[in-house]
Amino acid sequence: MADKPIQGEKRVFMTGNEVVAWAALAAEADIMYGYPITPQNEVMHYWTRLAPKYGKRFLQTEDEISAGFTTCGGVLAGKRAFTATAGPGNTLMQESMSMAEMMRIPTVLVVQQRGGPSTATVIYSQQEVTMTCYGGNGEGLRIVYSTGSHQELYDYTIKAFNTAWKYRFPTFVLGDGYQAKMRESLYLYDPALKGIKMETTTPYLGLEGMPGVDRDPSHLRNTYNTEEELYEVVSDLVAAYEKIAPEVVEYQTFNTDDAEVIIIAHGVVTRAAQAAVKTLRSQGLKVGHFRPVTLRPFAAQQLRDIVKKAKKLVVVESAQGQLMKLVKDAIYGETVPIEGYLKPGQGITGEEIVEYIKKGM
Amino acid sequence: MEKIADRIVEAYIGEYASGKSEVSLNRALSLLESGRSPVTLVDFDLVEPFYTLRPIKKELEKKGLQVIAWETKKTMGLGEAGTLLKPEMRWALRRAGDVIFDVGYGIGGAVKLRLVEDGLDGGEMKIFVVTNIARPITGSVEDIVEYVGTLGPVDGLINNSHLGDDTDVEIIQEGARVVAEAAKRMGLPVIRTTVDIRLSDKIGRTDTMGNPVSYLKRHMNRSFW
């Protein structure tokens, strides 16, 4: 068995899916559970090529329902476990992710969004925002990072394991098929080099000592007998989530201080939005960009403060308003007009954002 | 079957995202530019055609290349992304002139060369492995030797080491050294080093190991799906 997979820091060239596999290695993940679906297959392909060299495990399950539940199982056994999926696979994983919410199981799920609804297209969209943030039959007690570059896919996949295990909520890295397949350079690094210490993982089951004598029984439940009991359980979950939300929330702003028009975009579309702001500012137009990095929890108060001085918000996304819903929910009560540049399942360029904004100014 | 004397038949195989398409299409274009005709480029990706020659087929044909490739919208019903052998691909070697195959990645792609009539057993085809050491899975001499060992018959290695837009001379030359050592261990020649033409003033006509350098005009960055 080789020593650490990544030593020091190294500049490399790869596709987004490969980045996820290498990041999981760097994060000392123990096992990946997986089921194939385009466009995330290479996460599994690279993990299984690398796993034998580093003593890592992999299990291909019979479907995504099982992949999600086996990931929960791996975590309950105390392993740093993760899985990856897309589109209809993500839909199937909602049952297991709801359980993870109810039982506060620190799963890590990487989603590479493809077209929707249903089978749709195999490559790209931003149409799994609603599902990844609020899917299943729960209250959306999840942490969702939306990445926009390979470097971020690396950084946030590593971070996802720490966020999950520290705060004990199912954590998601939300990419898309473009990020999954496109090629660019990034720096792989040993997290220890950057002062990142991986959170310890502990099993939920098979603990030492006699239950009731040496320790409390580890009584794991996702089901309750009475409505009153459930109300208390969910209230406690929500309180715990709201307590940690301020520590977890992340966002970025670009030229928003004096902006009249603010572009709101996430994931890979932030590249186009940032490019558009550069162009528009060079033409003397007061345009800025707000980029949520965590879609859940959303930087609601921060966005509210930013839009107070704006004349218009333009939400730009490759979906029919999934990001827009999060924005409206976050800033309810603000009277700033909101427009949507909505292109479900299609890539968005900086040039088209520039054209749209200029038409409206 | 008559063998056309002196014609060039090459298949470019290798690791996922190693640069097979960019290298093979530039090879086909340079053969054309040197006065050879006809030159046929075959999109032989029967593995994972999300990033292939298809979107730039017409552009390449306008330059005078013959291109055998599916148009994605014509592959409806032929699998997720149309990984089906087009009949012209099977019979490509029955055409006159040079034929260059851009092959799907890994052993999965390489074995499909068996589908080409007179391909593996015709005596003309040379199979080259495109290698980029900036991809960690083929980043060291040992990794390359191990990987190439899985690919079946191989006639030479190509050093295509780069970091995309962030390429510098260092990675190209380091690639030349690593690929040369790997090639030596396998008893294979290094055919050439391929370099983005934007760096042509920083690296001459041979690399640090004395391999010939070919310049690439990048086309594949416009070719995604």
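User: Is A:Ala120 buried, exposed or partly exposed?

Analyst: This is a predicted model, where local features need pLDDT of at least 70, side-chain atom pairs count only at pLDDT 80 or more, and totals for chains, interfaces and linings use all residues. Residues are numbered from 1 along each chain as its sequence is written, while chains are lettered from A and ligands numbered from 1 in the order in which they are written. A residue is buried if 20 or more other C-beta atoms lie within 10 Å of its own, exposed if 12 or fewer, and partly exposed in between, with C-beta atoms placed from the backbone. A:Ala120 has 15 other C-beta atoms within 10 Å, so A:Ala120 is partly exposed.

User: Which peptide bond of A:Pro297 is cis?

Analyst: Most peptide bonds are trans. The bond from A:Arg296 to A:Pro297 is cis, with omega near -10°. A:Pro297 belongs to the loop between strand S12 (294-296) and helix H11 (300-307) of chain A. In chain B, a cis bond joins B:Ser37 and B:Pro38, with omega about -10°. B:Pro38 is in the loop between H1 and S2 of chain B.

User: What is the strand order in the open sheet of chain B?

Analyst: Strands of a sheet pair through backbone hydrogen bonds, either parallel or antiparallel. Two strands pair if DSSP finds at least two bridges between them. In chain B, eight strands form an open sheet in the order S3-S2-S4-S1-S5-S6-S7-S8, with parallel pairing. Strand S3 (66-68) and strand S8 (213-216) of chain B stand at the edges; each has a single partner strand, so one side of each is left without a neighbour in the sheet. Direction ignored, neighbouring strands are turned by 25° against each other on average.

User: How many bridges pair S2(B) with S3(B)?

Analyst: Three bridges, in the parallel sense; S2 covers residues 39-44 of chain B. B:Thr40 stands opposite B:Gln66 in S3(B).

User: Which strands does helix H1 of chain B lie across?

Analyst: Axes are lines fitted to C-alpha atoms, for helices over the stretch in contact, and angles run from 0 to 180 degrees between N-to-C directions. Helix H1 (residues 20-33) lies across several strands of chain B, among them S1 (9-14), S4 (98-103) and S5 (125-131). H1(B) runs at about 170° to S4(B).

User: Which faces of S11(A) are covered?

Analyst: Both faces. Strand S11 (residues 287-292) of chain A is mostly covered, with six of its six residues buried. A:Val287, A:His289 and A:Arg291 are on one side, and A:Gly288, A:Phe290 and A:Pro292 on the other. Strand S9 (residues 251-254) of chain A runs antiparallel to S11(A), joined by four bridges. There, A:Gln252 stands opposite A:Arg291. Strand S10 (residues 261-264) of chain A runs parallel to S11(A), also joined by four bridges. A:Ile263 has A:His289 as bridge partner.

User: Which residues touch the most other members of the largest nonpolar core?

Analyst: In soluble globular proteins, nonpolar side chains tend to be buried together. A nonpolar core is a set of buried Ala, Val, Leu, Ile, Met, Phe, Trp, Tyr and Cys residues joined through C-beta atoms within 7 Å. The largest has 160 residues, and those touching the most other members include A:Ala23, A:Ile263 and B:Val179. Domain 1 (9-194) and domain 2 (252-360) of chain A both give residues to this core, so it lies between them. The domain bounds come from an automatic or database domain assignment.

User: How many residues of chain A are in contact with chain B?

Analyst: Contact requires C-beta atoms, placed from the backbone, within 7 Å. By that test, 15 residues of chain A are in contact with 16 residues of chain B. Strand S1 (9-15) and strand S8 (183-189) of chain A each supply at least two residues of the side that touches chain B. S1(A) gives the most, with five residues.

Terms used. Two residues are in contact if their C-beta atoms, placed from the backbone, lie within 7 Å.
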